[in-house]
Each structure stands twice: as C-alpha cells, then as structure tokens.
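Subject: Structure handover

Hi,

Here is the structure I promised to pass on. Please open it alongside these notes.

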Amino acid sequence: MAVFARTFTGNFAVMEAELIALREGLEFAARHNFQLEAAEVDSLSIVQDLESNFTFSPLAELLHDVSSFIHTICQAPCQYIPREGNCVAHELASVSFSLLNSFWTNCIPFFLSPHIRGDLIQ
C-alpha cells in the first residue's frame with residue numbers, strides 16, 4: 001500500500017486536474033516499481049477518453065501520458081469507480097490541501113479518519 005500527495009498551483013479545469021492527479025499517481029507508482037491491478041478513477045469521461053482516439057483532444061498530451069503509464073504498470077485498463085466506491089481516495093483528496101509533497105508506504109497515514117483506517121486494515 002502507498003499513499004501519495006502532491007501540491008500543484010494554478011487554475012485547472014476539472015478534467016485536466018483529474019488527469020494530472022492520475023498521471024502523477026501513476027508516475028509515482030512507476031518510479032517505485034509498483035505493479036498495479038488497475039487504475040481507478042471517479043470520472044467516467046476519463047475512462048471513455050482513454051478508450052477513444054484522443055489525438056485531437058486538447059488534453060491529448062495528458063491522456064497519452066496516462067495511457068502510457070497504465071499500459072506499463074497496470075494489469076487492467078483504467079476503471080470507473082463512483083466516488084462513493086472509493087472513500088479512501090475521496091478523503092485523501094479532501095485533506096491534500098493541507099499536505100505538502102508527501103508519501104507513505106507500508107503504513108496507513110495517521111490523518112485518515114478511524115472509519116477509513118479500519119476499512120484499509122481489513
């Protein structure tokens with residue numbers, strides 16, 4: 001298990017921000033030689049864009065980067081999981097504004113709520 005938080009400054013459209021977060025997480029996993037079962041996102045649009053020919057998309061460069069990482073370190077394509085299905089990611093996103101570039105491996109971050117920590121231990 002690994003948790004990664006990184007702060008970015010700037011104004012990003014929602015889709016762009018989601019893709020940047022996904023790319024950074026996948027890059028982190030690749031840098032640490034993690035092999036993932038799949039990348040999960042709560043944006044159906046991202047999954048659909050990754051499955052399409054995104055050459056002419058304004059976000060083509062980000063989509064290409066994400067697609068390359070997925071093909072390199074994931075056993076399955078990117079999967080859509082509704083936000084309610086991934087409470088851990090949602091909580092990490094909620095607290096990420098108070099974190100500076102941080103990561104944890106082989107432990108559960110202390111700042112996660114007891115309910116989320118319990119779900120990770122099971």
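A polar contact here is a pair of N or O atoms within 3.5 Å. Within protein, one atom must be able to donate a hydrogen and the other to accept it. Residues adjacent in sequence count only if both atoms are side-chain atoms. Keep in mind that this is a predicted model.

Helix α1
- R23 sits in helix α1, which spans residues 14-31.
- The side chains of R23 and E24 are joined by a polar contact of 3.3 Å.
- Beyond residues up to four places away in sequence, R23 touches L62, D65, V66 and F69.
- E16 also belongs to helix α1.
- The buried class requires under 20%.
- With neighbours within four places in sequence set aside, E16 contacts L59 and L62.
- E16 and L59 are 43 residues apart along the chain, yet their C-alpha atoms are separated by 7.1 Å.

Helix α2
- Helix α2 covers residues 44-51, and I46, V47 and L50 are buried there.
- Why do they lie on the same side of α2? Because they cover an arc of only 100 degrees around the axis.
- The general rule behind this: an α-helix has 3.6 residues a turn, so residues three or four places apart point the same way.
- What covers the buried residues of α2? The cover includes α1, β2 (40-41), α3 (60-73) and β3 (79-80).

Best regards

Terms used. Residues are numbered from 1 along each chain as its sequence is written. This is a predicted model: local features need pLDDT of at least 70, side-chain atom pairs count only at pLDDT 80 or more; totals for chains, interfaces and linings use all residues. Side-chain values use heavy atoms; hydrogens and water are left out. Helices (H or I, at least four residues) and strands (E, at least two) are DSSP runs, numbered from the N terminus. Contact means heavy atoms within 4.5 Å. Buried means under 20% relative accessible area, exposed over 50%, partly exposed in between (1.4 Å probe, protein chains only). The arc is that of the directions from the helix axis to the C-beta atoms.
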